[in-house]
Amino acid sequence: MLTAVVLLICGAVVATGLGQALGLSFTQSTPAPAVTGPTAVAPMSPAPSIATIDVPAGERLGLAASAVSDALADRGAPAAAVSTDAADADLEVRLVPSFDDSPEAFRVHGAGAGWVLEAADVTGASAGLYSLADRIRSGVPLVAAEQDGATQRPRLGLRLTDSGSVGREAVPADFAAGTDYSLNTDVVASAVLPQAPWVDQDVVERIDAQFRQLVQHDLRQGYNGIVVPGFLEYVTFSGVGDGHDVYPEGDDHVARAEAMVRAFAPVFGYAHEMGMKVFFLTDMLAVSPPLEDYLERTVGSLDVTDPDLWSVYQAGLAELFDSMPFVDGLMVRVGEGGSVYQAGWDFSSKLAVTTPAAVRAMLDALLATAGEHDRDVIFRSWTVGVGEVGDLHTNPASYDAVLGDLHDPHLVVSTKFTAGDFYSHLPINPTLAIGDQRRIVEFQARREFEGFGALPNDLVAEQAQALQHVLAANPHVEGVWNWTQDGGPLRAGPMTLYLRTGFWQMYDVNTYGVGRVAWDPATEPTQVTADWVRQTLTSDPATSAVVVDALGRSREAITRGLYIGPFAEKSVKALGLEPPPMMWIFEWDIATGDSAALDSIYAVSRGDLEAALADGERAVSVGAGMRDAVAATDPSTWRSPAMYRSFVDALDYETDLLTTLAAYRTMVLRHAQWLDTGSATAREQWHAAEGRYRVARADHEARYGGDVALPAYNFTAADLGSARADRDPSMAWLARVLLALLLGAVALGSAPGQRVLRGGRLPGARALRALYVAITRPWRLADVATGATRTDRVLVWALPAAALVLSRAVFTWFSSSAHLAITLGGWLLFAVLARLVVRGRDPFHLWAAIGGVALLRTALLLGALVLRGPGHYWFGLWADPAARTAYVTVAFAAFCWLFVVVSIVLRRRYGVFSRRARGLTAAAAGLTLAVLGGWVAAIGLEQALTLWNDQMALLPWGLSRILGITVYLGIPSWSAAAAAIVGLGVAVVGLLLALPQSVPAPGTLSVTSSYPAGAGASVGE
């Protein structure tokens, strides 16, 4: 009894620890400021009459003036002639003495016969011309009365974009499967050759044309900087040692890097020539095999707190600044990395900078070099849960601990405006309100988690509200960084490439919006959207009003249809992590079917379940209304029939998708409700929704499967989960039958049961009696009489074996061979090893001991399955702390009880000394763990967990395919090998304990008196 109590206490400790690791908790999050409703849109003004534009000489101003000319032509007016010496020009650009601190400041005078734009230099003149071009395209007055002669300047002086779709090609075969989850954003890899001349000049020229197109478009939308991926590929480390320490003389890395600089410096230098700042972007720790080998040899390890390690990167950064002097700085990310970010050559990155000391060591070194060259280092605070700085991105305390006392004029900290990734329903990032470092705010135009830009998703109002909030809270914010294409995998979503392929205009509205509100955060968002619609889709007043209204409703369709509101609006913690507000659609487009996510979502939402379900239907209604309104417009009023068709197709796609997801939402939440309550009504609603879902999903896949522009969502995981859910009722009935049969068989082993079996004389009676005693009083098992029949000898192990197999098959919905292999294999291996201990002797009592515990644990498991099957078991584990604690406490104690019982029977029935019995039991247990751990390690822990999870549908199906189960949950890859080593250690200790004890001197010990009669012990034992 004392042992049982100790084991239950140990079980309670394990249950408490498990609860802390898995425990679901949630609090109401602080929402972002409310987005104001749409306002009236100003009517379009006639295009101004500008026939000639006079500008100072230079390509940069000529390009800016051409934007004005193109805008006039876009409005149906004659294109203006651009000249450097036109007399009586309709628009004259003058360079005057400086009149404002901002280099982009300008003034426009509208008096007299024409317009005059004044600026201190080319930067301000260019900004003014692009601003005038935007006004012309938007149909607003060229110079408002209050702006005539007034100084105009941007609120934020740094307005960055990413590199768009530069270097990527629209190859349908690459997008067709939708399962390429590579996250590499490299823009030059397609031009790299495996040998000299190292670079394909034809590909370079294609990339150059794409880059120029992007730069010119960005300038017209108000941006003045661009971020280009790259660092190591342009560096030879010639400043380290004698110049050949990192890359030995003749190493291909040197020749290739030099060729890369020659080829791509002119490409990226074009942005600088046109007035844009250029930043290179790299993950840290960036490595190549020779570089990693050098660091191992010289520093001794990849110790990212060691200044000697960072001195190598300082040399590389200095070389980059010298070889490409147009580069304005380096942007660094430390929160992501690994093979999924690799470009196909031997440059890669490691998640190594994960502590405050490492971050500071890195920044101190890079900033020192940047300061020497008067360049900047932009540090992205995106740490996504990795290491000690894992919450740096969203936790003000962590931000202050790492960066609070770091004051360097060349440091800029870049932070996403959301408190997490770019999901809806998240609060504004609280770390943007603190710190006195220079700051920029990150935005994403092509929302990866909301259809990758395939769905209408007007974020302008949300972006404006967020930026206004941040600027009011922090005076050190000086810029924005908008992602036009980046975020998420490159080819797992729709085949849309910004400016080049597909209906990229659907997310261009958000890029345009960020540029406008960064220039003037007080700009009315609805007017910004209307201006973009007029420029891009239609200038017809009636049609543009319909489109603007539809875009104004797009956020409701997205936030209701792709999110489960009561869950998304909470700050949730589960599995030791902070899951994002979506989860039921895991990482982009996979409708998940796992119990961990779905049960947790239900548990958080059950207090407002009906509203959660109603949101799905409301989203369908909104999407359908948007579609009908836009489809009713006259295609001839659009800039092209193709744009009309693309917009209507996107709305058709959205309505179809939201219809499917609404049915799926109802199905999974009603199933969880049935698991929770057992309600017959919930069960009926679950099955009704399942019917709707299967029809909708089949239609969705038939319509959009294989469509690279509007790809079908992935419902593989959803169907796996649904198939198991469908089996829950039948599994519950099987569990009830098995439990009844098991209890009946065990009851026949009791004294009354034995009388039913003719005093225990019927075949099998002795086996049942032995099993009953093993379950209820294992310390008396040795007293069970021998003389078992052949039937008894088979039944004593066959009954527990059958119970184990059948109960575990029920537990796994008869769907997981992996689970059966590991659990039943463990039982079998331990039984075989225990049998070897008593070789040469009758194993009847050993089988009874093991079998009794197996039946005890089986009865416990079946008891957890009888209500509503395995689904209810897992629901309790994820979402019912009381049930989880009770079950795990008893189950763990029962697991440990096996070794206690086997040790007892070895001592009392087989005459093994206590120490030796404990040692042999430990050895058997340790070897079992060693074999199982070694087996899993040989397969690979990630592969083994993926196979098991695919069959059990417990964690998101996409987890292993995208991030990796071990990576996401922080499970060391060496865990299985460590378990095997621990098992071997336990086995060794057990064998040492089992070594024969010395025989006592004659007369000092009566050995035979230590054993019950008939034990068969000998002095030698």
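Me: Where does leucine 285 lie?
Reply: The model is a predicted one. The peptide bond that runs from methionine 284 to leucine 285 is cis, with omega near 25°. Leucine 285 itself is in the loop between strand E10 (277-283) and strand E11 (286-287).

Me: Is tryptophan 198 buried or exposed?
Reply: Tryptophan 198 is in the loop between H4 and H5. Its phi is near 75°, a positive value in a residue other than glycine. With a relative accessible area of 10%, under the 20% limit, tryptophan 198 is therefore buried.

Me: Is aspartate 374 buried or exposed?
Reply: Aspartate 374 has a positive phi of about 55°, although it is not a glycine. This residue sits in the loop between helix H9 (356-372) and strand E14 (376-380). The relative accessible area of aspartate 374 is 59%, and over 50% counts as exposed, so the residue is exposed.

Me: How many aromatic pairs does the count come to?
Reply: A pair of aromatic rings is described by the distance of the centres and the angle of the planes. Ring centres must lie within 6.5 Å to pair. By this rule the count is 34 aromatic pairs.

Me: Which kind of pair do the rings of tyrosine 653 and tyrosine 704 make?
Reply: Their centres are 4.9 Å apart and their planes are at 80°, so the pair is edge-to-face. Tyrosine 653 is in helix H18 (residues 641-677) and tyrosine 704 in helix H19 (residues 680-704), so the pair ties together parts 51 residues apart in sequence. Both tyrosine 653 and tyrosine 704 are buried. The kind of pair asked for is edge-to-face.

Me: Which kind of pair do phenylalanine 892 and phenylalanine 895 make?
Reply: Both residues are in helix H27 (residues 881-908), three residues apart, about one turn of the helix. Phenylalanine 892 counts as partly exposed at 26% relative accessibility, and phenylalanine 895 counts as partly exposed at 38%. The ring centres of phenylalanine 892 and phenylalanine 895 are 6.4 Å apart and the planes are at 40°, so the pair is tilted.

Me: Which ring does the charged end of lysine 416 sit over?
Reply: In another place, the charged end of arginine 736 sits over the ring of tryptophan 733, 4.4 Å from its centre. For lysine 416, the charged end is 3.4 Å from the centre of the ring it sits over, that of tryptophan 382.

Me: How many disulfides does the count come to?
Reply: A disulfide is a covalent bond between the sulfur atoms of two cysteines. The sulfur of cysteine 10 is 6.7 Å from the closest cysteine sulfur, in cysteine 896, which is too far for a bond. Cysteine 10 counts as partly exposed at 34% relative accessibility, whereas cysteine 896 is buried at 16%. The count of disulfides is zero.

Me: Which residues form a nonpolar patch on the surface?
Reply: One member, isoleucine 9, is in helix H1 (residues 2-22). The patch has about 270 Å² of accessible area together, and its residues are Val5, Ile9 and Val13.

Definitions and conventions: Residues numbered from 1 in each chain as written. Predicted model: local features only at pLDDT ≥ 70, side-chain atom pairs only at ≥ 80, totals over all residues. Heavy atoms only, no water. Phe/Tyr/Trp six-rings, centres within 6.5 Å; stacked < 30°, edge-to-face > 60°. Helix = DSSP H or I, 4+ residues; strand = E, 2+ residues; numbered from the N terminus. Buried < 20%, exposed > 50% of the residue type's maximum accessible area, 1.4 Å probe, protein only. Lys NZ or Arg CZ within 6 Å of the ring centre and 35° of its normal. Disulfide = S-S within 2.5 Å. Patch = residues over 30% accessible without salt bridge, like charges linked within 9 Å, V, L, I, M, F, W, Y side chains within 5 Å. Areas by Shrake-Rupley, 256 points an atom, 1.4 Å probe, with all protein chains shown as cover. Salt bridge = Lys/Arg side-chain N within 4 Å of Asp/Glu carboxyl O.
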